[in-house]
Structure formats: C-alpha cells, structure tokens
Amino acid sequence: MSATAGALGIPQLDAALAPMPARSTILVANDPGVEADTFLYQAAYRQLERGRTVVYAVFNRPPSSVARAMREYGFDTTPYARQFLLLDGYSALLGTRDPGAAYRLDNPTSIDDFGLLLETVSREHRDAALIVDPLSNLVDVLSVPEFVRKFPLLRQTLNHFELTVALFTQWPYADDVSKVFSDFDVVIALRGVEDRVLFGQYFALQRANWKPGLSTKPQLYKTHKPGGVHVYVPKIVVTGAYTAGKTTFIHAVSDTAKSANFEGSTVALDHGQVRIDGLSVDLFGTPGQERFDPILSTIAGQALGMILMVDSTAPETFDRARDMLNKIYREGLPAIVCANKQDLPNALSPSDVHARLRPPPGVQVVGCRANDRASSQEVLRRLLEQVLKTGVSA
Amino acid sequence: MLDGGVPDHATALIYGPPFVGKEVLARQFILTGLRKGIPAILVLTNATAPETHERLRQMDPKFDEHVRAGLVRFVDAYSPTIGASVQHPGTEQVDGLLNFNAVTAAVNNAQRVLLRHHPGHHLLFESVSTLVAYTNAQTAFRFLQVLVGRSRAAGATSILLLERGMHSEEEVQTIKHLSSGVIELKSEATRLLLRVEGLGVDGTAYPWMEYRFSEKSVEVTGSLTAGRIR
C-alpha cells in the first residue's frame, strides 16, 4: 500500500496533496510556541495503521515520552510495537539511556552520525516512513553554516524512506538556514495568531513540488486530546424564528452544548462544540424572539457561516425567518437554510420552503430533522463544505 | 529591586557564583510581586515544581494562598529529566529540557490565562545555565530571545538566572545581550557584594554594595538601602 496516500491523516492537507509521489519529503515549519508535534504524531499513526514501519527520530525529549504523548492524542502505538521504532537522538546529551528506543544516536551533535544511522535503519526496514522531531535541533547542536553545508548529504539519505516528515521550528536563525527548505518536496507552515500572546494557530500549505503553483488558504486549527489536529471553524451561527429548532439542532450535533434558557426558551445564546470530519467547530445559536434582536449582530459577528433554521410546518414564521437572515447575512457568507421538522406530516418540502422563503441566490434549502443527530450533521456538513471552499483564515 | 524595583517589562539578569543567594533574590522579587497582586510564572530547569513551591513557602507562608488564588504558574521542564511525573497546582509539565517549543507554548498558555485578569506579571527563568550546559549559548540565546520578547509583549517583567563559573566569558556576554540590565553578585573575602547595572531609569551602573542573605531573604546592608535600587 502506498505510504503517501492520505499521508498526514489530516483530510484537508491530504486532499490538497493527493496524489503524493512515493518517497516524498515533507517539512512542517512552525513558529516558536505553535503546536506542531501533533502533526507528526498524526502522520506516524496514519502510517502505522497502514501497516508501515515508522522510524521516529526524536532530538529534544525522551523517546518514550513520544509514545506517551501520542497515546494522549488518541494515537496508541501499543498494537504497533513491532512497527514503531524510536530513534533516540536525545538521551546521550544528558548521559542517560531510554530503554524504549530501538536505535540510539551516541553522538547527537553529529549530523554525519545521524545520516549513517539512518542508512543502517533504512537497510533494515525497507520502505519505512521516517519522522524527524525536530530537525531544527540539529541546527542548535551544530551551527547554521555547518548544518547548511552538511544537510544535502542527509537529504539524500531521506530518499531511502518511503515518506519523510520533518519538523523545523523557526527560531531566529540566520537566513541561510531556510535554504534547506527548498530541498523538501512539501512545505507546510504553522503560524500563530498573536495579540500580546498566541491565541490561535493556523496551517498553510506553501508548496508541493509536483503541484506547481499550489498553495492553500490558511486554515485555523486546534489540537484535541484525544483527536489530534482539527481544522478549526471558530464561529458558525445558528439562527431562526422562535421554536424553529435551533437549540435542538445544536444539542443534536454537539455533546458539549450549553444553553442559556429560561422556561425552555433561549434567552441569551446556545453554544456547542462539534468535531466532525477532521473539523473542530464552535456553534453559536441566537435567541429567536424579536426582543433579542439587538444582540443578534453581536452573537453573529465574525461568523464564518450561518444556518437559518425554519419550521417547515409553520410558513407563517417565514417572514420572521427572512428578517433574521437579512440581519445577519452578508454577500459571500456561506449560508444554508435548514427546513426543519421534515418528520411531521404537514411539513413543506425543502423546495416549497425555498419558493416561499426566497433566500438570497446560492443559499440552499435542505430538509432535516433537528432532533436526529445524523440529519443535523448532514446539514452541518453541507455548510462546512462551503466554509472550507471560502477558507478558514486567520 | 528588593522592593520589586525592576522597571516594568525589563529583563534583569541575576549573575553570580554558587551560594551567594541568587535564587533567594529572584524568589524575593517574585514574592514581593505576589504580595502586591502581581502574578508570576516560574520556568524551572533545575528543580521540580513541588520543590520550588516548598522553597517559596518557606520564604513566605502565604505563598500557598497565592497559588490557590491562581497567581502562580509553574512550567516544569525538569521533572522529566529525573523520570518524575508532576501533578501540581498551576503546573504545566514539559517533556524535555530541550523541547524549547513546548516551553514557549507552556509559557504562552500561562500568560493567556493570567492576561484575563492581570495586565502584567513576573517571569522567572531558573536557570539559563542549565540550558547553556545542555546546548550552547547561541541556542539558549535564540530561544530566550523569542521567549523574553514575547513575554515583554504579554506584560512580563523577567528575571533570568545565570551561574558564574559555568560559562566562558563569550557565553556570558551573549546571554547578557538578552537583558536590560544585570544584577551581579559576588563574594569577596568574608563579604557579599552586589551591584546593579543598567536597570535604572538612566542606565546607571551602581557601585558594589554589601549585602547579606538567609534562606528567606536578601538584604542590602551597604549604601542605597534607604530606597529601591533603581
């Protein structure tokens, strides 16, 4: 089986990179402080799942902590103990030994020794995948000029592996060091969103050699324990008239939904977090009653998409639904109308709802039963497809 | 200094040989801030969070209250090097001393929490020498340049500890470039001497002053004791 199909285990990146040639080399270049290890864990686990041997070279922490961290993210390597080989480029620096490592680099300050060890490993495990975590530590123990001078030889050794994924943390090195980036087939940048502190992070595919001109829009992401990397959609607003089913919808798709309600009616907002198809989504539900209209724009501000819930059995509420849509919708905003309560006998069909509601051009009307998880998830998926086309940008 | 007198957002390097009270001085600065409601982040590379907590409690019995109030955050990069796993209040454990990215992320996490209620905080990095010992001055400099720079933007006043005698003069100079000023400690015959360079409003270098220290505090006994050093 090809190691490179769906190599990273992150659907949005794998789709952009497909079809990935064999023996590809991927550089994950992160800003300091931006979570990056999870990308490597996810790629390693994907390869293990596919039956491939993974050699995981680690330079900045005890190798056994890699397996432990992977377990926390839901990537338990225990069933793959024979395939998952840790290469210890750390312990010798501290004069210790990690019993969990299959290979030990006795001199982690020598890029030549690392290259020689990789030669040996690649002969013993043909077509293995290689993870290097992080490559930048080799710059730290050498010097920028020495690393730049010696890296091309190491780069040739990487070709012996079916797939290589290396992490490079971009500390303020001399500019020369970025020369090595061009030696990789793929460069994925991980950046922080900063306002006094890092409060968000995003990835962007900067280059793939076999796809000239390819670069993707930045995608915000979150990491979950368990769950790993998920593209993060920070705000989808769910609005609609009173009793249209907004709260029911959010609780159907989210296991962590919370509502601020009084006697069964939402009086402030609903909030739910959802993980679906590699995405992590925050849903915000508005109240439906007109007296709460002054806070609609606040709740809906900065939304990346909207779902307008309508009660398909109550066409008399459509004017109110259109009014709410008009208060929130702006041209280009991914939006969908959810024709709810399709399980009731007097429900209008989605096409009838469309005819009476007359939503803006391009806004689809889809039928659903908000009290049914699968039905509600389908609506959310349809909207998220649109959101991803627009880009979840920082 | 002893009255929390390091200028806001400055980075002070405390530099001196072993057993002259560097850690006590740094912790006194942290405790003085806590008493004023200024929170603290302690990045530990040579002691565990529980050990450091105990030392601070010995210096000030009210330290527990500050921890309970959420004013203290530990970033423990030492425990994994001795095979220990730490579950301690306000502590994020980092799985390796050389995992600089994880240390940076952990400090950022702590700052994100503190910034919700506090415009500023104190940051203690204890110690830079351990970092340099396991890597080199250039690597430590690059890492700390990012950490200290970001922390300043997040409202931190930072203290870095550096051991005299562990590093070459070139390494010391490299690390000094990170700081706005240096508090240098030394022992001479039977006397302990301290001087401050560059932390005042005008960057004045003060002359050597005599001081004494115990497990609980550092006290300047020479000149300039009437007020703050700056």
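**Exercise 1. Salt bridges between the chains**

Find how many salt bridges there are between chain B and chain A, and look at one of them.

*Solution.* Step one: the count between chain B and chain A comes to three salt bridges. Keep in mind that this is a predicted model.

Step two: pick a pair. A:Glu194 and B:Arg150 form a salt bridge, and their closest N and O atoms are 3.8 Å apart.

Step three: check it against the rule. The pair counts because the cut-off is 4 Å between a side-chain nitrogen of Lys or Arg and a carboxyl oxygen of Asp or Glu.

**Exercise 2. The rest of the interface**

Work out how many residues are in contact and what kinds of residues chain B brings to the side that touches chain A.

*Solution.* Start with the contacts: 26 residues of chain B touch 26 residues of chain A.

Next comes the area. Together the two chains bury about 2,300 Å², with 55% of it on carbon and sulfur atoms. On chain B's part, B:Asn101, B:Arg142 and B:Arg150 supply 27% of the area buried against chain A, more than any other three residues.

On the side of chain B that touches chain A, H4 and helix H6 (137-153) of chain B each supply at least two residues. Sort that side by class and you get eleven nonpolar, eleven polar and four charged residues.

**Exercise 3. The largest cavity**

Describe the largest cavity: what is its volume, and which residues lie nearest its centre?

*Solution.* First, the structure holds four cavities of 30 Å³ or more. The largest has a volume of about 90 Å³.

Then look at the lining. It has 14 residues, and those nearest the centre are A:Asn60, A:Pro134, A:Thr169, B:Asn99 and B:Asn101. H4(B) gives the largest share of the lining, three residues. By class, the lining splits into six nonpolar, six polar and two charged residues.

Conventions. Residues are numbered from 1 along each chain as its sequence is written. Chains are lettered from A and ligands numbered from 1 in the order in which they are written. This is a predicted model: local features need pLDDT of at least 70, side-chain atom pairs count only at pLDDT 80 or more; totals for chains, interfaces and linings use all residues. Side-chain values use heavy atoms; hydrogens and water are left out. On a 1 Å grid over the protein atoms alone, a cavity is a set of points where a 1.4 Å probe fits but cannot get out, and a pocket is an open set with protein on both sides within 12 Å along at least five of seven lines; lining residues have an atom within 4 Å of a point. Grid points are joined across faces, edges and corners, and a volume is the space filled by probe spheres set on the points. Helices (H or I, at least four residues) and strands (E, at least two) are DSSP runs, numbered from the N terminus. Ala, Val, Leu, Ile, Met, Phe, Trp, Tyr, Cys and Pro count as nonpolar, Asp, Glu, Lys and Arg as charged, and the others, Gly among them, as polar. Contact means heavy atoms within 4.5 Å. Buried area is the accessible area (1.4 Å probe) that two parts lose on being put together, summed over both.
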